[in-house]
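Hi everyone, thanks for coming.

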Amino acid sequence: MENNRIAVIGIIIEDTDGISKVNDILHDYSDFIIGRMGIPYREKNINIITVVLNAPSDKINSLTGKLGMLEGVSAKALYAGKK
């Protein structure tokens, strides 16, 4: 775990059909997830999820990329300052 990084991934789901796909992908990375918070923003018909990870950079990048490739889903990672 010494090469792991702390990161937050922000996920916005604009197409509700993507929710189950997002959950499936997050489940695949559950060993690295410290915590997660989901907010349904009903007035705008979107869902917002934040995921906090302790994982190698390649795993964080892979997860973010897989999420971002889903139709109607945007995902960005923010890393803690130190490696």
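Which residues in H1 meet which residues in H2? Keep in mind as we look that this is a predicted model. From H1 we have Val22, Ile25 and Leu26, and they meet Leu63, Lys66 and Leu67 in H2. Sorted by type, the residues of this contact come out as five nonpolar, one charged and no polar.

Now the geometry. Two packed helices are described by the angle between their axes and the distance between the axes. For H1 and H2 the angle is about 165 degrees, and the axes are 10 Å apart. Anything over 145 degrees counts as roughly antiparallel, so that is what H1 and H2 are to each other. The crossing of H1 past H2 is right-handed.

Let's stay with H1, which spans residues 19-28. Val22, Ile25 and Leu26 are buried there. They lie on the same side of H1, because the arc they cover around the axis is only 100 degrees. In general, an α-helix has 3.6 residues a turn, so residues three or four places apart point the same way.

What covers the buried residues of H1? The cover includes helix H2 (57-68), along with strands E1 (4-13), E2 (33-41), E3 (46-56) and E4 (73-79).

One last stop, in strand E1: Arg5. Arg5 counts as buried because its relative accessibility is 13%.

Thanks, and I'm happy to take questions!

Definitions and conventions
Residues are numbered from 1 along each chain as its sequence is written. This is a predicted model: local features need pLDDT of at least 70, side-chain atom pairs count only at pLDDT 80 or more; totals for chains, interfaces and linings use all residues. Side-chain values use heavy atoms; hydrogens and water are left out. Buried means under 20% relative accessible area, exposed over 50%, partly exposed in between (1.4 Å probe, protein chains only). Helices (H or I, at least four residues) and strands (E, at least two) are DSSP runs, numbered from the N terminus. The arc is that of the directions from the helix axis to the C-beta atoms. Contact means heavy atoms within 4.5 Å. Axes are lines fitted to C-alpha atoms, for helices over the stretch in contact, and angles run from 0 to 180 degrees between N-to-C directions. Angles under 35 degrees count as roughly parallel, over 145 as roughly antiparallel, 65 to 115 as roughly perpendicular and the rest as oblique. A crossing is left-handed if the near helix is turned anticlockwise from the far one by less than a right angle, and right-handed if clockwise. Ala, Val, Leu, Ile, Met, Phe, Trp, Tyr, Cys and Pro count as nonpolar, Asp, Glu, Lys and Arg as charged, and the others, Gly among them, as polar.
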